[in-house]
Amino acid sequence: MIPALFLILAAVLYRIVMGLAIISGSTWLSNFAPLAAIALCAAAYFPAKYKFTVPMIALLISDVVLNMKYGAPLLSPFVASHYLGFALVGGLGLLLQNRASLKTLLPASIAASVIFYVVTNTVSWLFDPGYVKNFSGLIQALTVGLPAYSATPTWMFFRSSLLSDLFFTLLFVFCMNVGRDPQRARPATALPRPV
């Protein structure tokens with residue numbers, strides 16, 4: 001678990017550095033972040049008291065730093081949608097805690113990307129006055145976004161989220177298995193009982 005904790009610390013630093021270095025829409029790295037993978041994998045692998053606290057604290061630390069830098073409020077529907085999205089992703093990881101492996105977590109990371117994307121863009125549609133409050137406004141929020149952000153359509157943020165979730169989930173699973181004894185990971189075979 002120690003390599004995974006180092007990965008989380010690195011992820012917080014990565015999110016802060018990337019958030020400070022990249023202006024939204026200026027590069028394909030926009031929204032290439034590890035936090036959804038951390039929410040998914042922490043819920044699947046960590047002990048009960050750390051499953052949700054570690055990812056949420058990581059998100060809170062990076063939000064405080066980035067929101068102070070950009071003068072954005074820490075309490076808004078948009079920020080709350082991130083926490084809701086990551087909580088739902090963590091719930092998905094919780095469902096996989098007894099069978100966490102690469103073959104279950106990689107498909108779950110795709111589902112996590114979709115969940116986070118739909119939650120956050122739906123909240124943007126509901127609360128951003130730039131969107132018309134009908135079905136076409138929702139489709140706009142889920143595809144191209146607002147004209148003010150035309151340099152980066154929302155589907156491109158989804159693409160970056162999907163790629164980063166897959167990459168960081170793979171990295172997290174690798175970190176959880178570093179140094180693990182492969183014999184301990186396999187269930188012991190039942191010994192025949194003497195008759």
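1. Gly-90 touches Ala-39, Ala-43 and Phe-52, with residues up to four places away in sequence not counted; contact here means heavy atoms within 4.5 Å. Gly-90 is found in helix H4, residues 77-95. Helices are DSSP runs of H or I with at least four residues, strands are runs of E with at least two, and both are numbered from the N terminus. Gly-90 is buried, at a relative accessible area of 2%. Buried means under 20% relative accessible area, exposed over 50% and partly exposed in between, for a 1.4 Å probe and protein chains only. From C-alpha to C-alpha, Gly-90 and Met-56 are 9.8 Å apart in space, while 34 residues separate them in sequence.

2. On the basis of the note: this is a predicted model, in which local features need pLDDT of at least 70 and side-chain atom pairs count only at pLDDT 80 or more, whereas totals for chains, interfaces and linings use all residues. Residues are numbered from 1 along each chain as its sequence is written, and side-chain values use heavy atoms, with hydrogens and water left out.

3. The protein chain has eight helices and zero strands, and its pattern along the sequence reads α-α-α-α-α-α-α-α. Of the 195 residues in the protein chain, 40% are buried. Among contacts in the protein chain with a separation of 6 or more, 68% are between residues 24 or more positions apart.

4. H4 and H5 (the latter residues 102-127) cross at roughly 155°, and their axes come within 9 Å. Axes are lines fitted to C-alpha atoms, for helices over the stretch in contact, and angles run from 0 to 180 degrees between N-to-C directions. H4 and H5 are therefore roughly antiparallel to each other. In these terms, angles under 35 degrees count as roughly parallel, over 145 as roughly antiparallel, 65 to 115 as roughly perpendicular and the rest as oblique. The crossing of H4 and H5 is right-handed; a crossing is right-handed if the near helix is turned clockwise from the far one by less than a right angle, and left-handed if anticlockwise.

5. In the contact of H4 with H5, the residues from H4 include Phe-78, Leu-84, Phe-86 and Leu-92, and those from H5 include Ala-111, Ile-115, Phe-116 and Phe-127. By class, this contact of H4 with H5 holds 15 nonpolar, five polar and no charged residues. Ala, Val, Leu, Ile, Met, Phe, Trp, Tyr, Cys and Pro count as nonpolar, Asp, Glu, Lys and Arg as charged, and the others, Gly among them, as polar.

6. Helix H2 (residues 35-45) also packs with H5: their axes come within 10 Å and cross at roughly 140°. That angle makes H2 oblique to H5, and the crossing of H2 and H5 is right-handed. H2 contributes Leu-40, Cys-41, Ala-44 and Tyr-45 to the contact, and H5 contributes Leu-105, Ala-108 and Ser-109. The residues of the contact of H2 with H5 comprise six nonpolar, one polar and no charged.

7. H5 and helix H6 (residues 135-143) pack at an angle of about 130°, with their axes 9 Å apart. H5 is thus oblique to H6, and H5 passes H6 in a right-handed crossing. Tyr-117, Val-118, Asn-121, Thr-122 and Trp-125 of H5 make the contact with Gly-137, Leu-138, Ala-141, Leu-142 and Thr-143 of H6. The contact of H5 with H6 has six nonpolar, four polar and no charged residues.

8. Which residues of H6 are buried? They are Gly-137, Leu-138 and Ala-141. Seen down the axis of H6, its buried residues fall within an arc of 100°, so they line one face of the helix; the arc is that of the directions from the helix axis to the C-beta atoms. These buried residues of H6 pack against H5 and helix H7 (154-177). Just after H6, Gly-145 takes a positive phi of about 75°.

9. Leu-138 lies in helix H6 and is buried, with a relative accessible area of 18%. Leu-138 touches Thr-122, Trp-125 and Val-132, not counting residues up to four places away in sequence. The C-alpha atoms of Leu-138 and Val-123 are separated by 9.7 Å, the two residues being 15 residues apart along the chain.

10. Asp-165 is found in helix H7 and counts as buried, at 4% relative accessibility. Not counting residues up to four places away in sequence, Asp-165 touches Ala-33, Ala-36, Ala-37, Ser-109, Ala-112 and Ser-113.
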